[in-house]
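Dear colleague,

Here is the structure I said I would pass on. My notes on it follow below.

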Amino acid sequence: MKEITVEAKRENLGEIFDFVVSALTESGCDKKLIRQCKLCVEEIFLNISSYAYHPETGPATVTVEMANGDKPLRVKICFIDKGKPFDPLSEKNPDIESELDERQIGGLGIFLVRTTMDDVFYEYTDGKNVLTMQKRFV
Amino acid sequence: METRRTEDGTKIILNVTGEIDGTNVGDFESEIKRAVEDSEQLIVDLDGLEYVSSAGLRVFLMAQKQVKQNGHDMVITNVCDDVMDIFKVTGFVKLLNIE
């Protein structure tokens, strides 16, 4: 398992990308899977940066784990912060059928995480928000 | 992410390549806003764009709303499969004029 802890600030997104991309590349993931993971990592990390410690800031830990050996292969990415309890999965999905004038700007991030990943779950445990996402690949 | 802008009278072609994500979306937003303001017909050529995150989608949506308000046109061309998947799953194929 690989792990990184940074201050939960938007400016650190690039560092998180570098960490995740290199961990997934080392594990032999293809470009498409890496992009899908990046998409989801961005949403969750920016969510933590914006809300977890607002208006202060604090640490965010990201871990990347490959379940090699098992079939199907699985990548598991975990986000941990010590901010206010908040379940991002409780957000309502956007209405993707709405027309241009009614279409709300925003709310797409978590929706994309749900549709891109195979499993996403949240728990608040020991004073920490823990969000885990998994994606199977061949 | 890189953008290249070509002007032909009131028509502008904005070519966007690379990846649009939370680290560079501000640059993309200012480029497309400027192109929307300066054009009557805007072609956003995504040949070479490999990835767009929700931050980028928000910018496409804002641009489309502004274009409509201005009574102008914006056409998105050369969308690769991965980006098209994102446009499809989010319902953006219905909102944007994609060729």
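This is a predicted model.

Chain B has four helices and five strands. Read from the N terminus, the order of these elements is β-β-α-β-β-α-β-α-α. The radius of gyration of chain B is 12 Å, in agreement with the value near 13 Å that a compact globule of 99 residues would have. Along the principal axes, the C-alpha atoms of chain B take up a box of roughly 30 × 25 × 20 Å. Of the 99 residues in chain B, 41% are buried. Among contacts in chain B with a separation of 6 or more, 70% are between residues 24 or more positions apart.

In chain A, five strands form an open sheet in the order 1-2-3-5-4, with antiparallel pairing. The edges are strand 1 (2-7) and strand 4 (119-125) of chain A; each has a single partner strand, so one side of each has no neighbour in the sheet. From one strand to the next, the twist averages 15°. Strand 1 and strand 2 (residues 59-66) of chain A run antiparallel and are joined by six bridges. Within this pairing, Ile4(A) has Val62(A) in strand 2 of chain A as its bridge partner.

Helix 1 (residues 13-26) of chain A packs on this sheet, where it touches strand 1, strand 2 and strand 3 (73-81) of chain A. The direction of helix 1 makes about 15° with that of strand 2 of chain A. Helix 2 (residues 31-52) of chain A lies across strand 2, strand 3 and strand 5 (128-137) of chain A, and runs at about 15° to strand 3 of chain A.

The largest nonpolar core comprises 63 residues, and Val20(A), Phe45(A) and Leu42(B) have the most contacts inside it. Helix 2 of chain A gives the most to this core, namely 10 residues. Leaving aside residues up to four places away in sequence, Val20(A) touches Cys37(A), Lys38(A), Val41(A), Val62(A) and Val64(A). Val62(A), in that list, is also the bridge partner of Ile4(A).

Next, the contact between the chains. It takes 20 residues from chain A and 19 residues from chain B. On the side of chain B that touches chain A, strand 4 (49-52), helix 2 (54-70) and helix 3 (81-89) of chain B each supply at least two residues. The largest share of that side, eight residues, comes from helix 2 of chain B. By class, the residues on this side of chain B are six nonpolar, seven polar and six charged.

Some backbone details may be worth a look. His54(A) and Pro55(A) are joined by a cis peptide bond, with omega at about 5°. Pro55(A) sits in the loop between helix 2 and strand 2 of chain A.

Two residues other than glycine have positive phi values: Asp126(A), near 50°, and Asn78(B), near 55°. Asp126(A) is in the loop between strand 4 and strand 5 of chain A. Asp126(A) counts as exposed because it has 8 C-beta neighbours inside 10 Å, and the cut-off for exposed is 12 or fewer. Asn78(B) is in the loop between strand 5 (73-77) and helix 3 of chain B. With 16 other C-beta atoms within 10 Å, Asn78(B) is partly exposed.

Regards

Notes:
Residues numbered from 1 in each chain as written. Chains lettered and ligands numbered in written order. Predicted model: local features only at pLDDT ≥ 70, side-chain atom pairs only at ≥ 80, totals over all residues. Rg over C-alpha atoms; globule rule 2.2 N^0.38 Å. Buried ≥ 20, exposed ≤ 12 C-beta atoms within 10 Å, placed from the backbone. Contact = placed C-beta atoms within 7 Å. Pairing = 2+ DSSP bridges. Axes fitted to C-alpha atoms, helices over the stretch in contact; angles between N-to-C directions. Core = buried A, V, L, I, M, F, W, Y, C linked by C-beta atoms within 7 Å. Nonpolar A, V, L, I, M, F, W, Y, C, P; charged D, E, K, R; others polar.
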